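Please open the model in your viewer and keep the sequence panel beside it.

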Amino acid sequence: MTDRRHPIRRPLRARPAAAAIPVLAAAILTMLPMPGIGTAFAQGAPQGMPVEAAKARLEPFAETITVAGGLEAVQAIDVASEITGRLSAIEVADGARVKAGQVLFRLDDAIARTVLAEAQASIEVNRRNAERARDLARRGAGTARASDEAEAELLITQAQVQSAKVQLEKTVITAPFDGIAGFRQVDLGAYVSPGQTLTTLDDIDPIRAVFRLPERFAGSVHPGTAVTVEVEAFPGERFPARVAAIDPRLDPGGRSLAVRAEIDNADGRLKPGMFARITAVLNEIGDALIIPEQAIVPGRDGPFVYKIVDGKATPQPVTIGARRVGEVGVTKGLADG
C-alpha cells in the first residue's frame, strides 16, 4: 500500500535547453542618421542586426558655446536735482530721445537770480574800495593792512558771485549724454529735494549684452571676439555683437568670467532688461573630422566610436578636439570619409 502522507516523488525531467539568445559583445550604438547612411553589423551579432552610420567629414572646426545673459544700457542714470526747489517747467516727454545738454527740467530760479544780483552789486563796491585802499597805501596815507583787507573783501565777493552763478545754473537740469528718457516721476509745481529721481535716462545705442563664460574659455575670448545674441522678443533673429570688455577677475564661486558685448541698436528694438542667449565660437582648431556627437561612446580608457571595417562595426579609440551643438571634432583616430 502507498502511504498518502508521503507521496512518491518522481525525478524531474530536464527540459530541452532554450535556444541561446545572442548578445552583442559591443556596446549599443547610438548614431545620428545623416545623408549617405550606410548599414553595418556589430561584431559578434547575428546577421540582420543593422546599425546606422555616418561618414566623417573634414572641415574647419571651432567650439561653439551658448550661454544665458541679459541686456543692459551702456549708460543709465536716475535724473535728479542737486538743489531744493519748485519744479517750474518740464521740457521732456516720456520715452523721448534726447541729446547731451538738452534741457529736461527747470526749477524756479527767482531766489537764485536775486542772490546773484546782490553779489554782483557788492562786487562793484568792493572793487572801488580796494582801488582806493591801494591808492592811499601808495601815497602813504593808508596802511598796508587796510589795503590787504580791501583786497580780501573783493576776493570774497567774487567768490560769492561765482557761487550764485553755479546755484542759478543748477536750476536748469540737462541731459548728460544722448539717450532715451523714461517716465517722469514728478509733476509740474512739485517741490523737489536733492537726489530725488525726476526721470531716468538710458543710452541704448549701442546696447550691452552681459554674460558669463566658463573658466576654460578665459584664454579664448578677447575684446573684438564676435558673438551672436538672440532674444525672446524676436524669435529666429540673430543680432551680431562684439566683445567690448572682459572682467579681469573670475567669480570665485562659479569660476566664471564676466563678459560684455555691444550690439548696434539704432532702431531701439532691443531694451535693457531683456533675457538673452549669447552664442560664441571659440577654440578654433583648424581642420577636423566632424562626426555626430551621439556617435561618441565613453570608455574606461577614453572615448571611442565604432568604425565600419569589412561591413562590421568595430571599436576605434578617438581624440576629441572640441564640441559644438550636435557635433564633435575628432583630431585623432579617424580619416576623412
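Begin with the second largest pocket, whose volume is about 250 Å³; a pocket here is an open set of points on a 1 Å grid over the protein atoms alone, where a 1.4 Å probe fits, with protein on both sides within 12 Å along at least five of seven lines, and its volume is the space filled by probe spheres set on the points, which are joined across faces, edges and corners. Select Thr84, Gly85, Asp108, Ile111 and Ala112, the closest to the pocket centre among the 15 residues that line it, lining residues being those with an atom within 4 Å of a point.

This is a predicted model, in which local features need pLDDT of at least 70, side-chain atom pairs count only at pLDDT 80 or more, and totals for chains, interfaces and linings use all residues. Residues are numbered from 1 along each chain as its sequence is written, and side-chain values use heavy atoms, with hydrogens and water left out.

The lining of this pocket divides into eight nonpolar residues, four polar and three charged, where Ala, Val, Leu, Ile, Met, Phe, Trp, Tyr, Cys and Pro count as nonpolar, Asp, Glu, Lys and Arg as charged, and the others, Gly among them, as polar. E4, H1 and H2 each supply at least two lining residues, and H1 gives the most, with four; helices (H or I, at least four residues) and strands (E, at least two) are DSSP runs numbered from the N terminus.

Next, select helix H1, residues 110-139, which has 30 residues and reaches 45 Å from its first C-alpha to its last, close to the 44 Å expected at 1.5 Å a residue, the expected span being 1.5 Å times one less than the number of residues. Along H1, Ala112, Leu116, Ala119, Ile123, Asn126, Ala130 and Ala133 are buried (under 20% relative accessible area, with a 1.4 Å probe and protein chains only), and what covers the buried residues of H1 includes helix H2 (144-169).

Finally, turn to the open sheet of four strands, ordered E7-E6-E4-E9 with antiparallel pairing, two strands being paired if DSSP finds at least two bridges between them. Strands E7 (172-174) and E9 (191-192) stand at the edges with a single partner strand each, so one side of each has no neighbour in the sheet.

Key
Buried < 20%, exposed > 50% of the residue type's maximum accessible area, 1.4 Å probe, protein only. Contact = heavy atoms within 4.5 Å.
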